Amino acid sequence: MFQEEKITASKEAHAPLGETARIYIMGKSHDVPQGLTILKAMEYAGYRLVRGVGCRGGFCGACATVYRKAGDFRLQVGLACQTGIEDGMYLAQIPFYPAPKPLYDIRELTPSAETLFRFFPELARCIQCNTCAKVCPQGLDVMRYIAAAQQGDLRKVAELSFDCLSCGLCVSRCPAEVAHYHVGMLARRLCGAHLVPKAAHLRTRLQEIREGGFEEELDKYCSMDKQTLQGLYAQRVIEPEE
Amino acid sequence: MVIKPAAVRSGRGDEEGNVVDQEKKTLGYYPGCELRTRAQALDISARKACESLGITLQELKDWTCCGGLVAQVKDNYMALLAPARVLLQAHTQGFNELATLCAFCFNTLRRASFFLERHPEARRKLATFLEVEMLPQVRVLHLLEVLRDRVGFDRIRAAVRRPLQGLRVAPYYGCLLLRPAQEISLDDPEEPTLMEGLLKALGCDVVDFRSRTDCCGSYHIVTNQGVAAQCAQVILHSAVDAKADFLVASCPVCQFNLDWSQAGHGNTGVPVVYFPQLLALALGEPAETLGFDERGAAMLREGS
């Protein structure tokens with residue numbers, strides 16, 4: 001998961017310190033510069049993160065954290081790369097939260113409420129408490145997509161759960177023990193496989209790949225030396241954002 | 001007053017021998033947390049008294065808190081969250097009344113509304129959890145009630161374009177439309193007339209049907225299928241005995257149990273339909289648009 005490894009050199013590089021905050025990582029106190037994110041603070045304190053870290057930009061969902069602030073008994077959650085530290089904060093990483101991951105052949109499934117309930121019967125235990133949505137670091141309306149799942153509205157599940165990072169924080173707090181992110185994943189897959197129109201351009205491109213249309217180009221890049229490749233990468237054309 | 005040492009009797013129980021029997025003078029004993037802390041006198045004195053009486057209080061090993069107040073609380077509102085949220089949805093979308101069709105939903109929502117109306121503390125706590133100022137009062141209605149009280153059976157009779165003459169129907173209420181009577185207050189829980197009134201207005205022959213307020217077995221179907229099958233078979237045979245062409249329900253759970261039982265525990269051939277299917281049919285909607293199953297559609301063809 002993560003190893004504690006004192007990297008003294010990096011600490012020296014941060015000097016001078018300025019204002020510091022005292023935080024408690026898995027119960028152990030550390031004085032770290034104010035203004036860091038939880039992720040940066042952990043690294044500053046000497047943790048080398050192997051799991052529980054990913055894109056560092058709030059996209060991948062790998063760095064779920066639970067914490068308590070000074071003077072507040074409530075457990076709070078967030079992404080370590082997006083949440084700032086506060087003086088007196090107690091925290092720990094949750095790189096993964098256990099949830100059953102069913103195996104299925106998506107082509108053999110019917111896109112229906114019955115299919116979702118077959119794999120996730122605990123869906124029926126939802127009491128609409130909305131705790132899942134309250135903890136979602138993506139601000140998704142998780143309870144609404146679970147309601148849509150119960151109603152067999154797979155398109156809606158797919159739409160509402162689209163930005164899910166699978167961080168598992170919803171699962172960690174659900175009194176009904178629903179595995180929300182797997183439900184959303186299955187619904188999106190069912191939607192993609194059975195409900196939305198097939199993209200014609202995708203079919204064409206897959207056909208081109210199968211016929212070996214890109215082999216020559218790939219071979220060309222594979223035989224290049226690293227320096228040439230890096231040069232080409234630096235010169236690549238990026239599509240402008242809309 | 002001088003308290004003299006009492007003559008110690010041998011440790012006997014009461015006349016029935018309930019407290020201490022002759023053979024067994026040792027009682028399992030649970031002191032509780034207070035007796036360990038503030039109320040040690042209670043513990044110590046009881047032990048001494050019992051010792052004198054020949055009773056041994058043998059303290060449980062590794063005992064834990066009895067749960068105290070928590071076990072007694074009546075304000076566990078978690079189960080009300082879901083219906084309260086629905087009532088809130090109705091209110092925020094501009095409705096202070098909400099019509100329902102499924103008897104299960106109707107029962108759940110109407111009872112929640114009934115409870116919340118009478119428990120301001122529950123309303124306040126749920127509002128806090130739901131992050132709203134106030135939990136609104138929303139009246140939960142069943143469509144049958146709307147048809148009876150708002151539209152009126154006479155107006156329905158006048159609107160019928162295809163009277164269902166000669167159709168013998170058994171109105172089936174089950175439990176949830178009627179009970180508990182005080183909370184639901186839709187109709188007489190034992191002798192209801194609501195569905196009869198509607199079906200008569202549609203021109204149907206309403207049969208006298210003894211199982212009309214019996215339970216369909218409900219969620220026993222999940223854990224105790226024999227019970228569910230038996231409940232359903234009794235209802236179906238009661239409809240057969242009354243020579244009904246259709247059994248008319250308002251609840252999807254009843255409908256499911258009845259048809260499930262027909263599929264696996266004895267097919268009576270009686271189609272189970274929902275009341276609005278017959279209502280829409282009588283009002284002139286084409287039968288094929290109303291979702292009748294094969295059995296129901298066949299019965300309609302035979303009848304016409």
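1. Conventions first. The model is predicted, with local features needing pLDDT of at least 70 and side-chain atom pairs counted only at pLDDT 80 or more, while totals for chains, interfaces and linings use all residues. Residues are numbered from 1 along each chain as its sequence is written, and chains are lettered from A and ligands numbered from 1 in the order in which they are written.

2. Chain A splits into domain 1 (2-93) and domain 2 (106-195), with bounds from an automatic or database domain assignment. Their C-alpha centres are 30 Å apart. Each of the two domains puts 7 residues into the contact (C-beta atoms, placed from the backbone, within 7 Å). On the domain 1 side, strand 6 (residues 76-79) of chain A supplies the largest share, 3 residues; strands (E, at least two residues) and helices (H or I, at least four) are DSSP runs numbered from the N terminus. That side has 4 nonpolar, 3 polar and no charged residues, where Ala, Val, Leu, Ile, Met, Phe, Trp, Tyr, Cys and Pro count as nonpolar, Asp, Glu, Lys and Arg as charged, and the others, Gly among them, as polar.

3. Chain B has domain 1 (26-65), domain 2 (78-141) and domain 3 (152-303). Between domain 2 and domain 3 of chain B, the C-alpha centres lie 28 Å apart, and 9 residues of domain 2 are in contact with 9 residues of domain 3. The domain 2 side of that contact holds 6 nonpolar, 1 polar and 2 charged residues.

4. Do look at helix 11 (residues 225-241) and helix 12 (residues 252-264) of chain B, which pack at about 95° with axes 9 Å apart (lines fitted to C-alpha atoms over the stretch in contact, with angles from 0 to 180 degrees between N-to-C directions). The pair is therefore roughly perpendicular (65 to 115 degrees). Among the contact residues are B:Ala232 and B:Leu236 of helix 11 and B:Leu258 of helix 12.

5. The largest nonpolar core has 66 residues, and B:Val169, B:Ala170, B:Leu247, B:Val248 and B:Leu278 touch the most other members. Such a core is a set of buried Ala, Val, Leu, Ile, Met, Phe, Trp, Tyr and Cys residues joined through C-beta atoms within 7 Å, buried meaning 20 or more other C-beta atoms within 10 Å of the residue's own. Helix 11 of chain B gives the most, 7 residues. Domain 2 and domain 3 of chain B each contribute at least three residues.

6. A second, separate core has 51 residues, including A:Met42 and A:Phe120.

How values were computed: Parallel < 35°, antiparallel > 145°, perpendicular 65-115°, else oblique. Buried ≥ 20, exposed ≤ 12 C-beta atoms within 10 Å, placed from the backbone.
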